[in-house]
Amino acid sequence: MTDELVLILDFGSQFGQLIARRVRDLNVFCQVVRHDISADRVRELNPKGVILSGGPASVYEPNAPHPDPKLFDLDVPVLGICYGMQLACQALGGSVGGGSHTREYGRATLTVTDPDALFKGFPTESTVWMSHGDQVQAVDGGAFVPLAATDTCPVAAVKHRTRPVFGIQFHPEVGHTTHGGLILRNFLRDVCGCSGTWKMQAFIDRAVEDIRQRVGNRRVICGLSGGVDSSVCAALLLKAIGPQVACIYVDNGLMREGETEVVKHTFRDWFKADLHAVDARDRFLAALAGVTEPQEKRRAIGKTFIDVFRQEALSIPDAHFLAQGTLYPDVIESGGSPDGPAATIKLHHNVGGLPAELGFELVEPLRDLFKDEVRKLGAELGLPDEVVWRHPFPGPGLAVRCLGEVTEAKLATLRTADRIFIDELHRSGWYRKTAQAFVVLLPVQSVGVMGDGRTYENTVALRCVQTDDFMTADWSRLPDDLLARVATAIINRVPGVNRVVYDISSKPPATIEWE
């Protein structure tokens with residue numbers, strides 16, 4: 001996607017994708033690849049630099065992951081982070097050891113003893129984030145020159161005397177390292193010689209060209225869910241091949257209030273797209289009748305969706321491709337790239353779980369992007385803010401936020417309560433400060449008092465979380481007065497609800513969604 005590429009070799013670090021995001025924030029394109037990628041393949045990819053990630057192993061253990069030793073002979077700049085530093089030092093003549101005296105976790109004060117290129121513009125002392133049980137032993141007089149130290153780690157950063165190989169024991173990619181971005185910038189710009197050409201307009205130009213070459217004059221079906229990923233995917237395709245795109249939006253009756261109208265307005269009225277909006281609400285509610293178990297709900301919704309989508313797709317002549325909004329984390333975690341990490345974290349998912357037997361070739365124009373980059377792309381393509389910044393929404397929709405059996409009456413209650421919560425977050429300025437917020441309708445009734453009468457009505461839970469990657473999440477510390485306004489408005493305006501609770505569970509141990 002660009003002439004400037006940096007490879008990140010993944011040794012199992014919990015921060016691997018975060019390193020990639022930090023590099024891209026500096027306008028340099030990078031890819032996360034398997035730790036044992038061959039030196040020949042690296043030479044073929046011709047990167048400007050290589051970063052070795054951290055990892056949970058010890059480099060001296062028998063089965064510890066190691067890179068191809070020929071990697072260090074390619075004359076490509078290498079930066080080892082934490083475990084990656086230990087690997088580089090061990091491979092090039094240094095030694096690594098462990099013990100109670102080498103452990104260092106959390107914030108530490110780093111003292112720079114040799115600024116060199118890596119620490120250009122760096123203060124003599126700063127705060128860094130450490131997370132290691134092993135460390136590189138003394139290197140004075142050996143192949144490496146020490147650059148920095150902490151009280152616990154006398155060799156906290158190094159450079160090789162003759163090769164473009166650097167190592168840092170701390171994590172520059174996390175926010176706790178106060179000048180971490182500067183180190184990465186120095187490595188990318190001053191050591192690797194990157195100019196920073198990875199910008200969204202450049203991505204758009206290249207993606208449009210690639211789509212046109214791949215598709216030719218054939219038609220593409222794009223499944224629209226109403227979420228940001230599928231919407232941005234559709235907008236990019238429309239820019240590239242316009243009338244050759246047919247968008248299918250299935251209204252399953254499980255969407256948030258006003259969502260169907262936003263999709264129709266955005267793509268039919270604004271982008272002038274060939275939009276096939278299928279009203280299948282009755283079919284989905286019939287499939288969900290009497291179903292209470294969450295997985296059964298998902299299966300019923302998935303099967304119905306496939307049936308409806310398949311039927312509508314048959315009405316589009318000459319359709320050869322199916323486009324979906326697969327993102328780069330999906331590709332990494334599913335082993336969807338031949339150079340990607342070997343371990344499969346989760347199975348790759350298609351739009352709506354569409355089966356291979358539909359007979360389409362896949363087009364995935366967003367597969368090189370992270371979520372925040374997709375939002376930037378959406379803004380560049382002219383999508384409205386309400387689409388670009390919409391919070392994630394589960395595939396089964398409100399069915400998994402309506403605990404127990406799903407009925408039209410319960411969905412109406414849930415939609416109204418959810419709209420009140422989201423509107424208040426917008427008005428207070430909290431919507432963009434949070435990653436995901438929604439209301440859950442609980443199968444719980446409780447006693448209340450309204451006016452002079454006793455009530456026995458429903459309970460709803462508010463859920464609002466902060467997260468960067470949705471793998472972990474913490475509950476949002478919303479102001480008390482905001483929560484009070486939301487609770488009062490819901491109880492006053494939503495018939496059948498007399499109690500509102502706030503979910504203060506983190507992930508883990510809880511999940512973000514309730515089902």
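**View 1. Surroundings of Arg401 in the predicted model.** In this predicted model, Arg401 touches Pro392, Phe393, Pro394, Leu414, Gln436, Phe438, Val439, Val440, Leu441 and Glu513, when residues up to four places away in sequence are not counted. The residue belongs to the loop between α12 (385–388) and α13 (408–428), and its relative accessibility of 1% places Arg401 among the buried residues, because buried means under 20%. One of the residues that Arg401 touches, Glu513, also takes part in a polar contact, in which the side chains of Arg401 and Glu513 come to 2.7 Å.

View 2. Leaving aside residues up to four places away in sequence, Arg161 touches Gly141, Gly142, Ala143, Phe144 and Val145. A polar atom of the Arg161 side chain lies 2.5 Å from the backbone oxygen of Gly142, while the C-alpha atoms of Arg161 and Gly141, which are 20 residues apart along the chain, are separated by 9.9 Å.

View 3. The strands β6 and β7 run antiparallel and are joined by eight bridges, one of which can be located at Thr111, whose bridge partner in β7 is Glu125. Not counting residues up to four places away in sequence, Lys120 touches Pro115, Leu182, Asn186 and Asp190. The C-alpha atom of Lys120 is separated by 60 Å from that of Lys410, a residue 290 places away along the chain.

**View 4. Two residues other than glycine with positive phi, Asp75 and Asp116.** Most residues other than glycine have a negative phi. Asp75, however, has a positive phi near 60°, and Asp116, which is not a glycine either, has a positive phi of about 45°. Asp75 is found in the loop between β3 (49–52) and β4 (78–81), where its relative accessibility of 62% counts as exposed.

**View 5. Cis peptide bonds at Pro508 and Pro509.** Most peptide bonds are trans. The bond from Lys507 to Pro508 is instead cis, with omega near -15°, and the bond that joins Pro508 and Pro509 is likewise cis, with omega about 10°. Pro508 is placed in the segment after β20 (497–502), and Pro509 lies in the segment after β20 too.

View 6. A disulfide is a covalent bond between the sulfur atoms of two cysteines. The structure holds zero disulfides. For Cys82, which is in no disulfide, the nearest cysteine sulfur belongs to Cys153 and is 9.3 Å away; for Cys233, also in no disulfide, the nearest cysteine sulfur belongs to Cys222 and is 4.3 Å away. Cys82 is buried, with a relative accessible area of 5%, and Cys233 is buried with a relative accessible area of 0%.

**View 7. The whole protein, as a setting for the close-ups.** The protein has 14 helices and 20 strands. Its radius of gyration is 26 Å, close to the 24 Å that the globule rule gives for 515 residues, so the protein is as compact as a globular protein of that length. The C-alpha trace spans about 80 × 65 × 40 Å along its principal axes. Of the 515 residues, 55% count as buried, and the protein exposes about 22200 Å², of which carbon and sulfur atoms supply 50%. Among contacts between residues at least 6 apart in sequence, 75% join residues at least 24 apart.

Technical notes
Residues are numbered from 1 along each chain as its sequence is written. This is a predicted model: local features need pLDDT of at least 70, side-chain atom pairs count only at pLDDT 80 or more; totals for chains, interfaces and linings use all residues. Side-chain values use heavy atoms; hydrogens and water are left out. Helices (H or I, at least four residues) and strands (E, at least two) are DSSP runs, numbered from the N terminus. Buried means under 20% relative accessible area, exposed over 50%, partly exposed in between (1.4 Å probe, protein chains only). A polar contact is a pair of N or O atoms within 3.5 Å; within protein, one must be able to donate a hydrogen and the other to accept it, and residues adjacent in sequence count only if both atoms are side-chain atoms. Contact means heavy atoms within 4.5 Å. A disulfide is a pair of cysteine sulfur atoms within 2.5 Å. The radius of gyration is taken over C-alpha atoms; the globule rule is 2.2 Å times the number of residues to the power 0.38. Accessible areas come from the Shrake-Rupley method with a 1.4 Å probe; for residues, only the protein chains shown count as cover. Two strands pair if DSSP finds at least two bridges between them.
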